[in-house]
Amino acid sequence: MANVVVVGSQWGDEGKGKIVDWLSERADVVVRFQGGHNAGHTLVIDEVSYKLSLLPSGVVRPGKLGVIGNGVVLDPHALVAEIGRLAAQGVSVTPENLRIAENCTLILSVHRELDQKRESSNSGTKIGTTGRGIGPAYEDKVGRRAIRLMDLAEPSILPAKIERLLAHHNALRRGLGQPEVAVETLLEELTSVADKVLPFMDVTWRLLDQRRRAGDRILFEGAQGALLDIDHGTYPFVTSSNTVSGQAATGSGLGPGAIGYVLGITKAYTTRVGEGPFPTELTDEIGDFLGTQGHEFGTVTGRKRRCGWFDAVLVRQTVQVSGIDGIALTKLDVLDGLDEIKICVKYLLDGKEIDHLPASQADQARVVPVYETLEGWQGTTRGARSWADLPAQAVKYVRHVEELIGAPVAMLSTSPEREDTILVQDPFRD
Ligand code: GDP
């Protein structure tokens, strides 16, 4: 049985929502393994649109189990709010269909405030975070002072843990000119929500092992994209977790052998939100065209995304770093109507050809993309459901992408509609 990991192969927003939804219908268990409530998938099922930030996509479908793994940082109040929003849409989230790792790190108000204070300060580097406290929560996890979900079940030792955490945060807050926080304040913040989240707590690594042994299909749902990975991305303009496929194992507590297939969601062009290097960025009318045609505005933040040509150098790199077996190429239809389409095939760094994005921030800012130009296509790819529906030039574009990145197209998405998908290879192959 092949369990599937879905990861973004660019800077996120590749259209994972639609593909994850398509796959989650075929899965028994859907697992989040990194990130927090900054994800932002829109699922459209029977014409009803559901917005999910933290919950695994499976929860909107009856009979599926959603798991929030230990690699996720969990804002308990955001969780309760998201469950409430789904309840208003008639979707019931209970311990029957959602389990959360007992060792999941919690996001607290001090994290959110620190995140926002840093992003709004005029000094230092703006990372372009969503201001939800995710980065500071991961910092505390690594600093070994985080409050974890299981701590809510131990009221006798929770105050001491909070005190330890606040010794660090209050020092920071004093430095940033923010008022100090009292232990009682955080204690109240946590105890007020404990009863609502503790019923979901479980030993999820064991549960997943059992489900795996029972032959269930597990879908690991990645958030963001490989170029935002804390190690492999465009540091420091990255997210605060590992977003590559290997994290599916560590962030859920299953060994790497549990992963059968890695599907990289790949947009037919490139976008990026916030700051950081973007070699193929277009600031001209073609960039505007891609943004308008592709509705490139953030689901969570509403921020306008930067747009540019497809960068085969970057995707080839993430195919390798993430062990991508096949890609789901999305939003091909956004390229409809262009006379010519460019693909970045290599970079020049100080006049020298290179085949990858260097790790140095200074070099990343200096690389110059080298393009190949392909003819655009007459007619439309939008809504195509078979190769025969695609214009010949569009097929040529897809084939060239495959060749350049070194991975086959397993799925091709030609509109936001679920059915407008060409399946080449089923990632859940039996
Ligand atoms: P995610 O975070 O990776 O799920 O990506 P987003 O949700 O930010 O972006 C997906 C957006 O693109 C959603 O509005 C989808 O409905 C839309 N979308 C997904 N696939 C396609 C496609 O093939 N064509 C078009 N035009 N839109 C798509």
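Helix H5 supplies three residues to the lining of the largest cavity, which is the largest share. The structure is a predicted model, in which local features need pLDDT of at least 70 and side-chain atom pairs count only at pLDDT 80 or more, while totals for chains, interfaces and linings use all residues. Residues are numbered from 1 along each chain as its sequence is written, and side-chain values use heavy atoms, with hydrogens and water left out.

Let us stay with that cavity for a moment. How many cavities of 30 Å³ or more does a search of the whole structure find? There is one, and the largest cavity holds about 40 Å³ of space. (On a 1 Å grid over the protein atoms alone, a cavity is a set of points where a 1.4 Å probe fits but cannot get out, and lining residues have an atom within 4 Å of a point; a volume is the space filled by probe spheres set on the points, which are joined across faces, edges and corners.) Its lining consists of Val110, Leu114, His169, Leu172, Arg173, Leu176 and Gln178. Both H3 and H5 give at least two residues to this lining. Sorted by class, the lining has four nonpolar, two polar and one charged residues. (Ala, Val, Leu, Ile, Met, Phe, Trp, Tyr, Cys and Pro count as nonpolar, Asp, Glu, Lys and Arg as charged, and the others, Gly among them, as polar.)

Two packed helices are described by the angle between their axes and the distance between the axes.

| Helix pair | Angle | Axes | Crossing |
|---|---|---|---|
| H3 (residues 109-120) and H4 (residues 134-142) | about 120° | 7 Å apart | right-handed |
| H3 and H5 (residues 158-175) | roughly 30° | within 11 Å | left-handed |

(Helices, H or I, of at least four residues and strands, E, of at least two are DSSP runs numbered from the N terminus. Axes are fitted to C-alpha atoms, for helices over the stretch in contact, and angles run from 0 to 180 degrees between N-to-C directions.)

At the angle of roughly 30° between H3 and H5, H3 is therefore roughly parallel to H5 (under 35 degrees). Val110, His111, Glu113 and Leu114 of H3 make the contact with Leu166, His169, Leu172 and Arg173 of H5 (heavy atoms within 4.5 Å). Four of these residues are nonpolar, two polar and two charged.

H3 and H4, in turn, are oblique to each other. On the H3 side, His111, Leu114, Asp115 and Arg118 meet Ile134, Gly135, Pro136, Ala137, Glu139 and Asp140 in H4. This contact divides into four nonpolar, two polar and four charged residues.

Finally, two details of the backbone. Most residues other than glycine have a negative phi, and most peptide bonds are trans. Arg144, in the loop between H4 and H5, has a positive phi, near 60°. The peptide bond from Tyr235 to Pro236 is cis, with omega near 5°, and Pro236 lies in the loop between strand E10 (218-225) and helix H8 (247-250).

Note on methods: Parallel < 35°, antiparallel > 145°, perpendicular 65-115°, else oblique. Left-handed = near helix turned anticlockwise from the far one by under 90°. 1 Å grid on protein atoms, 1.4 Å probe; cavity = no way out; pocket = protein on both sides within 12 Å on 5 of 7 lines; lining within 4 Å.
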